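Dear colleague,

I am handing over the structure shown below, and I would be grateful if you would read the notes that follow with the model open beside them.

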Amino acid sequence: MSVRLYRVNGSHPCATVEAALELKGISYRIVELIPPLHAPVMRVLFGRRTVPAMTIDGEKISGSRAILRRLDELVPEPALLPADADQRAAVLEAEAWGDEVLQPLVRRVLWPTFRAHPEAMASFQEGGKLPPLPLPVLRLIAPGATRLEMRMNGATDATYRADLRALLTLLDRIDGWIAAGVLGAASPNAADLQIAASLRLLMCLGDLRPLIEPRPAGALALKVFPSRAGDAPTGLIPADLLPA
Ligand SMILES: N[C@@H](CCC(=O)N[C@@H](CS)C(=O)NCC(=O)O)C(=O)O
């Protein structure tokens, strides 16, 4: 099987897909693109502007959830969805929430933080296939790139405040799923991979990590993704915007 993953280094849904590939022992090649330039390239190649996308023996699949479904069909073990119908429905619901609610929130928090502190982007480049941009170049391109990313992701000063305010409620929801056994089993399911990738990226912000790490949600993120690139110091997010 010839598998090619189209990714942006550091992208959380790309991390979800890579973790699924590793779990299933599927070897793959990486085609790495630079954000936000990847969007028009992906539109041409896949008809949709987002990563992750994948070719499997020439078949094109776009989107983290669709890719995980296809990987389960091709390599059933370990299964990313439970066999029991009720449990499966619960995992699919959590996975969809992770994709549609949590994933975009992470982008709406990250890009305004990078706009205000472009130097914080440097550590997020580690582990990439492309050479990292030197700090002066990052500083030069940051105003344009972060503005574009914010527009692409509907991020504004108002969403920044609202998303940070909502964070504890979202973490409560994740902790509830862990308590109910929907998330956090020994072998990660599709929702674990989806939600943990977003949480782990948020934990790369020093201001947010202490809010997440002590909770079951934080333990889940660190179990599924023990390490990842990105280490932003505290003090980047204004203290009055942080949830108490
Ligand atoms: N939620 C979808 C989309 C992922 C997504 O939005 N990826 C971002 C990078 S993390 C992207 O490619 N954004 C480009 C754009 O919005 O044009 C998925 O999980 O596959």
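Two residues are said to be in contact if their C-beta atoms, placed from the backbone, lie within 7 Å. Please note also that this is a predicted model.

Asp192, Leu193, Ala196, Leu199 and Arg200 in helix 7 meet Ala217, Gly218, Leu220, Ala221 and Val224 in helix 9. By class, seven residues of this contact are nonpolar, one is polar and two are charged. The two helices span residues 190-202 and residues 216-224, and their axes come within 8 Å and cross at roughly 100 degrees. Helix 7 is therefore roughly perpendicular to helix 9.

Helix 1 covers residues 12-24 and helix 3 covers residues 64-74; they pack at an angle of about 10 degrees, and their axes are 9 Å apart. This angle means that helix 1 is roughly parallel to helix 3. On the side of helix 1, the residues that take part are Pro13, Thr16, Val17, Ala20 and Lys24, while helix 3 supplies Ser64, Ile67, Leu68 and Leu71. Six residues of the contact are nonpolar, two are polar and one is charged.

I turn next to the sheet. Four strands make up an open sheet with mixed pairing, and their order is 2-1-3-4. Strand 2 and strand 4 (59-62) are the edge strands, each pairing on one side only. From one strand to the next, the twist averages 20 degrees.

The strand pairs, taken in the order of the sheet, are as follows.

- Strand 1 and strand 2 run parallel and are joined by five bridges. Arginine 7 stands opposite glutamate 32, which lies in strand 2.
- Strand 1 (residues 3-8) and strand 3 run antiparallel, with four bridges between them. Here leucine 5 stands opposite methionine 54 of strand 3.
- Strand 3 (residues 53-56) and strand 4 pair in the antiparallel sense, over four bridges. Lysine 60 in strand 4 is the bridge partner of threonine 55, and glutamate 59 in strand 4 stands opposite isoleucine 56.

Helix 3 packs on this sheet and touches strand 3 and strand 4; the direction of helix 3 makes about 135 degrees with that of strand 4.

Some details of the backbone deserve attention. Most residues other than glycine have a negative phi, and most peptide bonds are trans. The phi of aspartate 57 is near 45 degrees, a positive value in a residue other than glycine.

One joins proline 35 and proline 36, with omega about -5 degrees; proline 36 is in the loop between strand 2 and helix 2 (38-46). Another runs from valine 51 to proline 52, with omega near 5 degrees. Proline 52 is in the loop between helix 2 and strand 3.

On the level of the whole chain, the domain assignment gives domain 1 (3-74) and domain 2 (85-241). The centres of the two domains, taken over C-alpha atoms, are separated by 19 Å. Domain 1 gives 18 residues to the contact, and domain 2 gives 26 residues. Which elements give two or more residues to the side of domain 1 that touches domain 2? They are helix 1, strand 2 (29-33) and helix 3. The largest share, seven residues, comes from helix 1. This side of domain 1 has 11 nonpolar, five polar and two charged residues.

Finally, there is the ligand. Of the 14 residues around the ligand, those that come nearest are Ser11, Pro13, Ala39, Thr50 and Ser64. Helix 1 and helix 4 (85-116) are the elements that give two or more residues to this shell. Domain 1 and domain 2 each contribute at least three residues to the shell. By class, the shell has six nonpolar, six polar and two charged residues.

With kind regards

Methods: Residues are numbered from 1 along each chain as its sequence is written. This is a predicted model: local features need pLDDT of at least 70, side-chain atom pairs count only at pLDDT 80 or more; totals for chains, interfaces and linings use all residues. Axes are lines fitted to C-alpha atoms, for helices over the stretch in contact, and angles run from 0 to 180 degrees between N-to-C directions. Angles under 35 degrees count as roughly parallel, over 145 as roughly antiparallel, 65 to 115 as roughly perpendicular and the rest as oblique. Ala, Val, Leu, Ile, Met, Phe, Trp, Tyr, Cys and Pro count as nonpolar, Asp, Glu, Lys and Arg as charged, and the others, Gly among them, as polar. Domain bounds come from an automatic or database domain assignment. Two strands pair if DSSP finds at least two bridges between them. A residue is near a molecule or strand if its C-beta atom, placed from the backbone, lies within 6 Å of it.
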